[in-house]
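Could you look at this one with me? I jotted down a few points while going through it.

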Amino acid sequence: MSFSERKGDIFLADDLEVIAHGVNCRGLFGAGFALEVAKRYRWAKDEYVHAAEHRQLKPGAVVMATSDFIDEPAIAHLCTQDRPGPDAKLRWVAESVARLLDDLSYNAGNPRIGMPRIGCGIGGLEWVNVRMILEVLGNEYDGELVVFSL
């Protein structure tokens, strides 16, 4: 349905049902946007660590974490990097976002998803390249994909 960009703090948005962000596949969750997720949604970090301990993290995969509280968004951990640092790949961004959108279309009624500029901070990718992927995928999604920047 739509891809859009919004300036502002994603954590202050009250219209998101899912917050998605990029992670590495090594179970390390201590820097960048992931660190902010860990501080605000401990249960989401625990789900990610559990997936890492059980070797469920592969580049291009998605790990969903949901809260017991109705007012908190689900958190989608997108495996956009194999290792910590500037290791994100465009194909892993595309695979993980496509999987997320397919899963949410099939199982969750196309909720509104917010995400930062995934892969472009610590991951090392250029926003112009990631944006092209997200715009194509977002415009094929029957919900709304919103990318936040400060």
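Here are my notes on a ring cluster and a strand.

1. First, the ground rules. This is a predicted model, where local features need pLDDT of at least 70, side-chain atom pairs count only at pLDDT 80 or more, and totals for chains, interfaces and linings use all residues. Residues are numbered from 1 along each chain as its sequence is written, and side-chain values use heavy atoms, leaving out hydrogens and water.

2. Start with Phe11 and Phe33, a stacked aromatic pair at 5.1 Å centre to centre and 15 degrees between the planes. (Rings of Phe, Tyr and Trp, the last by its six-membered ring, pair if their centres lie within 6.5 Å; under 30 degrees is stacked, over 60 edge-to-face, the rest tilted.) Phe11 is in the loop between strand E1 (2-7) and E2 and Phe33 is in helix H1, so the pair ties together parts 22 residues apart in sequence. (Helices, H or I with at least four residues, and strands, E with at least two, are DSSP runs numbered from the N terminus.)

3. Phe11 also pairs with Tyr41, this time tilted: 6.3 Å centre to centre, 40 degrees between the planes. Both Phe11 and Tyr41 are buried (under 20% relative accessible area; exposed is over 50%, partly exposed in between, with a 1.4 Å probe and protein chains only). Ring pairs link Phe11, Phe33, Tyr41 and Trp43 into a cluster.
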